[in-house]
Amino acid sequence: MVDLVDFIQEWTTKVTALAWALFLFTWSLGWAIRGAPLPFSKVKRVSGSLIEDSIWAAFWLALGSTVFNVVVYLADVISQGLIGG
Amino acid sequence: MITDILLVAFKLAMLTFYLGILVYASPLPISRFKRWAPELILDSIYAVLLIALYYFLFDASEALASLIGGSWEAFKTWLSSSLSFVMYLKTLAVLLKSVITQVPLASTVVPLLSPLDRAATTAILFLITVAGIAEIVRNYGLVLMAIGVALYSVPFKLTKGPGAWIIAFILVFNTGLPVLPLFLEYVASPPDAEPQVPLYRDEYVKLVYSPGEPVRGGVLVVIMGGEEVASYLVNSEGSAISRLSGSPPIQLPLAPYRLEHEYLGVAFPLELAATGPQNLRATNKWIKVNPVEGLYAYVVNGEADPRVSEGLVVIEASLRPGGYLEVRYTDSCLVETELHGNATGIMMSGGSWSWRGERGYYERLTASSTVSFNLSIRYSGACDLNVDESSLLDYAEYAASRLDFITPNLLEAFILYYLTVPAMYIFMLFGATFGVARLLGGRDRIPVRVV
């Protein structure tokens, strides 16, 4: 069981590191394509979505632990409120 | 162990979360792939919520059950009393079906025996299945729910469905099963089966009057609650035989009973000792000598020492005041008794008896003070015993005559109370399980982005 936990933890760390690196790369790629003199509107839309998604990635990276703390806190409140009451 | 499983679930939820971020951050503009990003992030939030609420949900289900008025004790009581009644009916049906050729059963009962047998079998299987489910929920509920939460947290919704189902199953049945007896009480009533006739089992009964000396005849009477329920002929080796089969073993009820030895018009209480798993030795402590089936002597309030030879019995007896020695014989026996010794203090009396189709005579010597004497008994003739067989009753016949509680109404109430209504309730619980699982598992995907 502990091996399993460590295994998952290892992969989570890898994924997190990759996500950080990729976010920067995708954001740059998005801006690069946006600035490129290619006259295809579909390409422009793609670049826009790449930029947008990479910012979402950054957002969640920054906010992740806060969200989970809020969730656990809410769960505690529910438990106390309904069991205590 | 549960904390270990929950830890795995939490780590899986974290992995799911970061995988979602990875998908957002990846430069592949494939919408089908990118659609996973908000899904993964939402899934991880739901998973963490479930992990945090794990104990609360389980406690809430128990609290809801007791709020409605159910309890595991009530459920266990209902289950065990139902099972014992159903097994009783099944055993009764099987026993009666096996003697149906020999014992006359009421014509209203015969057609119900097979349906009763089948209904009882089905009820036993069903009730034991329910008991098994209750066992799982009661003893393994927390562990299973933790496994369910861990499955729920696996990324990409791989095992979200099964995980949600296990969680829902444990929660719904943890609430629902203790409430089952209550539901049953509101919707149906137990079959009215009083008075019930006790079941019986085969037993080899040997009657003796002193260690190693078997009784040579008479009738073994079984008495329950003051009522004579069965009577068996005792053969010349002291074994009780069944009238239906003509040989041992006999049937004795599985409820408390008394045994008496009726012999030539006198009823003696017996002392019982088990000599093996289906063997019983019954001792008649009153009879002192029993050389042939049509002749015996017994003593009340005294001692006697017999010496037996061909056609002659000599008894050395001593009696206390009020005690007596009595010699009983059938009318096919020619008996001459002679008293030796001091005859003062001894009163002689006698008479005739008739019992179960046989007739005979008795002679009694009663002591008014402490006396000792010798009595010699000369006997000749057939000295046999022919009991009227129509006065005998096998216990199976007695049981068969008390079956008027087996009616179509009984069968209907039985099937309703032990099969139909509980099965309806269990199906309702499974329906609720699917509903809760759908709520948790969210099979309808929310096709919007996370904002």
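In this predicted model, 31 residues of chain B are in contact with 35 residues of chain A. Together the two chains bury about 3000 Å² between them, and 84% of that area lies on carbon and sulfur atoms. Side chains of opposite charge can pair when their charged atoms come close. Between chain B and chain A the count of such salt bridges is one. Its partners are Lys34(B) and Asp53(A), whose closest N and O atoms are 3.3 Å apart.

Two packed helices are described by the angle between their axes and the distance between the axes. One of its partners is helix H5 of chain B, which spans residues 110–152. The axes of H4(B) and H5(B) come within 9 Å and cross at roughly 155°. Because angles over 145 degrees count as roughly antiparallel, H4(B) and H5(B) are described as roughly antiparallel to each other. The residues that form this contact comprise 22 nonpolar, three polar and six charged. In its handedness, the crossing of H4(B) past H5(B) is left-handed.

The side chains of Lys90(B) and Asp117(B) meet with a separation of 2.6 Å from N to O. Lys90(B) lies in helix H4 of chain B and Asp117(B) in helix H5 of chain B, so the pair ties together parts that are 27 residues apart in sequence. Over all chains, the structure holds 17 salt bridges.

On the H4(B) side, the contact is made by Trp78(B), Ser82(B), Phe85(B), Val86(B) and Leu89(B). H8(B) contributes Phe414(B), Tyr417(B), Tyr418(B) and Pro422(B). Classified by residue type, this contact has eight nonpolar residues, one polar residue and no charged residues.

The contact with H5(B) includes six charged residues, whereas the contact with H8(B) has none.

Note on methods:
Residues are numbered from 1 along each chain as its sequence is written. Chains are lettered from A and ligands numbered from 1 in the order in which they are written. This is a predicted model: local features need pLDDT of at least 70, side-chain atom pairs count only at pLDDT 80 or more; totals for chains, interfaces and linings use all residues. Side-chain values use heavy atoms; hydrogens and water are left out. Contact means heavy atoms within 4.5 Å. Helices (H or I, at least four residues) and strands (E, at least two) are DSSP runs, numbered from the N terminus. Ala, Val, Leu, Ile, Met, Phe, Trp, Tyr, Cys and Pro count as nonpolar, Asp, Glu, Lys and Arg as charged, and the others, Gly among them, as polar. Buried area is the accessible area (1.4 Å probe) that two parts lose on being put together, summed over both. A salt bridge is a side-chain nitrogen of Lys or Arg within 4 Å of a carboxyl oxygen of Asp or Glu. Axes are lines fitted to C-alpha atoms, for helices over the stretch in contact, and angles run from 0 to 180 degrees between N-to-C directions. Angles under 35 degrees count as roughly parallel, over 145 as roughly antiparallel, 65 to 115 as roughly perpendicular and the rest as oblique. A crossing is left-handed if the near helix is turned anticlockwise from the far one by less than a right angle, and right-handed if clockwise.
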